[in-house]
Amino acid sequence: MELHVEREVVFPAEPAEVWEALTEPERLEEWFATEAELDPVPGGEGVFRWGDGEERRAVVREAEPEERLVLDWDDGGEVVLELEEVDGGTLLRVRETSPDFAAALELHALSWSHSLV
Amino acid sequence: MAIRAERLKPGTGNIGIVFDALGDPGRRALVASVAELGTATATELAAGLPVTRQAVAKQLAQLADAGLLGATRVGRETRYRVTPQPLGDAAAWLAEVGGQWDERLAALARSLSRGRAARRPS
């Protein structure tokens with residue numbers, strides 16, 4: 001079972017400005033997380049921390065400057081960020097997919113049965 | 001919002017308990033059978049399985065402890081039904097992650113407009 005959250009927002013800014021805000025750690029710290037580390041190239045790693053001690057890690061799956069950024073979360077979820085130049089600025093499309101609850105369940109079943117061997 | 005600390009992840013919290021209870025193929029099949037039948041007793045379920053009623057009753061009790069099955073005592077038997085908790089977890093994920101993105105995107109809009117103001121020639 002997978003779930004999706006989708007949002008679309010138009011910002012009155014150039015795609016290049018929005019891309020910077022999505023990929024530069026010091027810019028990410030203005031809106032996404034309290035502390036951010038991100039190497040925005042395919043295979044690059046991201047570490048995000050929040051004030052309450054929450055930490056999430058991700059690996060960059062795709063990075064097309066000013067167009068598309070895809071992160072794989074270490075819990076199995078993913079987030080796709082797409083940019084498109086439109087009248088009045090840049091459209092940002094966000095799609096976050098949950099971890100696959102059913103797949104995680106199967107994985108757990110596997111480790112559970114191996115632990116009996 | 002203070003819900004970030006309660007982020008739902010497989011392997012933690014309620015979902016972890018659910019996975020533990022469903023870690024056994026036999027227990028998963030029992031949940032599927034109960035879901036298919038609507039409600040069922042250990043006797044009814046054992047009738048179609050190569051295991052004893054006692055073994056089925058024990059596994060049903062474990063699934064009820066994990067919150068996956070609700071139990072109602074009917075006469076001398078306990079009747080089980082599937083509880084909607086895992087669906088509740090899904091709804092909670094949608095509400096939490098959706099709320100986080102609404103907040104983040106509002107903050108991103110503020111960040112971008114500050115960037116514009118800073119770059120504007122004075």
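This is a predicted model: local features need pLDDT of at least 70, side-chain atom pairs count only at pLDDT 80 or more; totals for chains, interfaces and linings use all residues.
## The β2–β3 pairing in chain B

In chain B, β2(B) is joined to strand β3 (residues 77–82) by six bridges, and the two run antiparallel. Within this pairing, B:G70 sits opposite B:R81 of β3(B).

## The chain B sheet and its helices

These strands belong to an open, three-stranded sheet in chain B, ordered β1-β3-β2 with antiparallel pairing. Because β1 (39–41) and β2 (69–74) of chain B stand at the edges with a single partner strand each, one side of each has no neighbour in the sheet. From one strand to the next, the twist averages 30 degrees.

Two helices are worth a look here. Helix α2 (residues 25–37) of chain B packs on the sheet and touches β1, β2 and β3 of chain B, with its direction at about 90 degrees to that of β3(B). Helix α4 (residues 53–65) of chain B lies across β2 and β3 of chain B, and runs at about 120 degrees to β2(B).

## The chain A sheet

Over in chain A, you will find an open sheet of seven strands in the order β1-β7-β6-β5-β4-β3-β2, again with antiparallel pairing. Its edge strands, β1 (4–11) and β2 (35–38) of chain A, each pair on one side only. On average, and ignoring direction, neighbouring strands of this sheet are turned by 20 degrees against each other.

A:E35 has A:R49 in β3(A) as its bridge partner. Helix α1 (residues 15–23) of chain A packs on the sheet, touching β1, β2, β5 (68–73), β6 (78–86) and β7 (89–97) of chain A. The direction of helix α1 of chain A makes about 165 degrees with that of β6(A).

Terms used. Residues are numbered from 1 along each chain as its sequence is written. Chains are lettered from A and ligands numbered from 1 in the order in which they are written. Two strands pair if DSSP finds at least two bridges between them. Helices (H or I, at least four residues) and strands (E, at least two) are DSSP runs, numbered from the N terminus. Axes are lines fitted to C-alpha atoms, for helices over the stretch in contact, and angles run from 0 to 180 degrees between N-to-C directions. Two residues are in contact if their C-beta atoms, placed from the backbone, lie within 7 Å.
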